[in-house]
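Let's take a short tour, one stop at a time.

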Amino acid sequence: MKRRDADLLVELANDAMRDKGLIPEFEPEVKQQVAGIRGPAKPDEDVRDMRALPWCSIDNDDSRDLDQLTWAEEAPDNQTRIYIAVADVDALVKKDTPVDQHARHNTTSVYTAAKVFSMLPEELSTDYTSLNEDEDRVAVVIEMLVGNDDGVISQGDVYVAHVHNHAKLAYDRVAAWLDGEEDEPERVGAVRGLASTLRLQDRIADKMRDLRHEQGALDLETIEARPVIRDGKVVELRQARRNNARLLIEDFMIAANGTVARFLAKNKFPSIRRVVRSPERWDRIERIAEEVGERLPPEPDARALEEFLRRRRKADPMRFPDLSLTIVKAMGAGEYVVEEPGDTPAGHFGLAVKDYTHSTAPNRRYPDLIAHRLLKAALRGEQPPYSVDELAQLAEHCTSQEDAANKVERQVRKAAGALMLADRVGDHFEGVVTGAADKGTWVRIFNPPIEGKLVRGREGLDIGDRVKVKLLGVDVDRGFIDFGRR
């Protein structure tokens, strides 16, 4: 009997996890610890009670591990005060316990077509440590004061609070309402004050985004297509698009992560920073610009690159995601590094920010859980729970495991793509080169948006080149998709 696509992809995903040094299942000790946890964390007596505020979550329709809530209010002197509540995972998952050790090994949740390998057991990540709708939870709150006209953050604070998610909202539905394309979501109308705070959040996020782009933040669109499985069969690859609601959350999280980084530095605590250094292949980015009649400076310049991207988005919106992917590939990967008090921040080239960490998704990223433990120690006036040497080892490990997780996701995505293309061997496609190195050249075709290896005719090609290819063959079990140049 032929295996269903979904069953095959689950098998491949489990094998890929093991092959890349990730643990696909939770150990007995982890399950035993979770069985002993009776419910969500209870707040301490001195924790602020902020449950009455109209907090809400905005995430994907199918998200169950809710890490953040947002709220905003008008402040004096033409300013807005933003509040971001982040799940306090550390309240239940203590350092060096079995659950923590598993999370520390994998360091991230892995999202594949047929199965999600959660960093934390689902009893925690989708329940006790998730900021679920209509539930009270303990959270780390990041508070920021932002100028209404210029988007400048003038103040930032961090503390622990008791919060309540009054509405679980979805990106696409909220965006359609904010853009005037659909009526107000029912859950928004049911919560007093929620509609007004969401519109305020949307306005101030626009100002914050404008400021970052003026400073050189790159306006890229690189959301990967997700395989859609129906009745056990891969039927399409669906690519989500950025919209106002996604951008709002993105802008708030960037600001929150910067506030946390500065808070730790102010308290003379070491931290793990998320950095993207100057592009490894700036010369290639220059040539990509020249191919469309543009010119970039000879040295990496984030502001010049952002202006180029803005012009290209306007001139060729249909191909902009492919250009974005090309630029990302030429820039090189992000990494985690330890920063000691007094160090000069390495910064994040793509976001045009100097102070940046990861702290807003502790249910699915281990560096965020580390950041919360550091924050809470600073708030209590205690010594850091990690030494600088330990943080340095963790930063290197998190970078390595993130790369492994990306490879697993990519391999399963390619297997799903191979299943879709299995009956199209011999067909011709148009695509763009997404990788070019000694070990091989890769091409992503436009329709469907699937990446494969160019095994014939790779000579003279580089990242960003447009090519016409023929599908030579697929190997679903290994996730191989082989193209030849026409």
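Select Arg284 first: with a relative accessibility of 2%, this residue counts as buried, because buried means under 20%. Keep in mind as you look around that the model is predicted.

Arg284 and Asp465 form a salt bridge, with their closest N and O atoms 2.9 Å apart. Arg284 sits in helix α9, while Asp465 is in the loop between β16 and β17 (466–475), so this pair ties together parts that are 181 residues apart in sequence. Asp465 has 15% relative accessibility and therefore counts as buried too.

Move on to Glu335 and Arg277. Their salt bridge has its closest N and O atoms 2.8 Å apart. Glu335 belongs to strand β13 (residues 335–339) and Arg277 to the loop between β12 (271–275) and α9 (282–291), so the pair links parts 58 residues apart in sequence. Glu335, at 25% relative accessibility, counts as partly exposed, and so does Arg277, at 42%.

For another salt bridge, pick Arg365 and Asp368, whose side chains meet at 2.8 Å, N to O. Both residues are buried. A search of the whole structure finds 44 salt bridges.

Last stop: Glu451, in strand β16 (residues 451–456). Is Glu451 buried or exposed? At 16% relative accessibility, Glu451 counts as buried. Its side chain makes a polar contact with the side chain of Thr434 (2.3 Å), and the residues Glu451 touches also include Lys329, Trp442 and Phe483.

Terms used. Residues numbered from 1 in each chain as written. Predicted model: local features only at pLDDT ≥ 70, side-chain atom pairs only at ≥ 80, totals over all residues. Heavy atoms only, no water. Helix = DSSP H or I, 4+ residues; strand = E, 2+ residues; numbered from the N terminus. Buried < 20%, exposed > 50% of the residue type's maximum accessible area, 1.4 Å probe, protein only. Contact = heavy atoms within 4.5 Å. Polar contact = N/O pair within 3.5 Å; in protein donor to acceptor, adjacent residues only side chain to side chain. Salt bridge = Lys/Arg side-chain N within 4 Å of Asp/Glu carboxyl O. Lists of a residue's contacts leave out its neighbours within four places in sequence.
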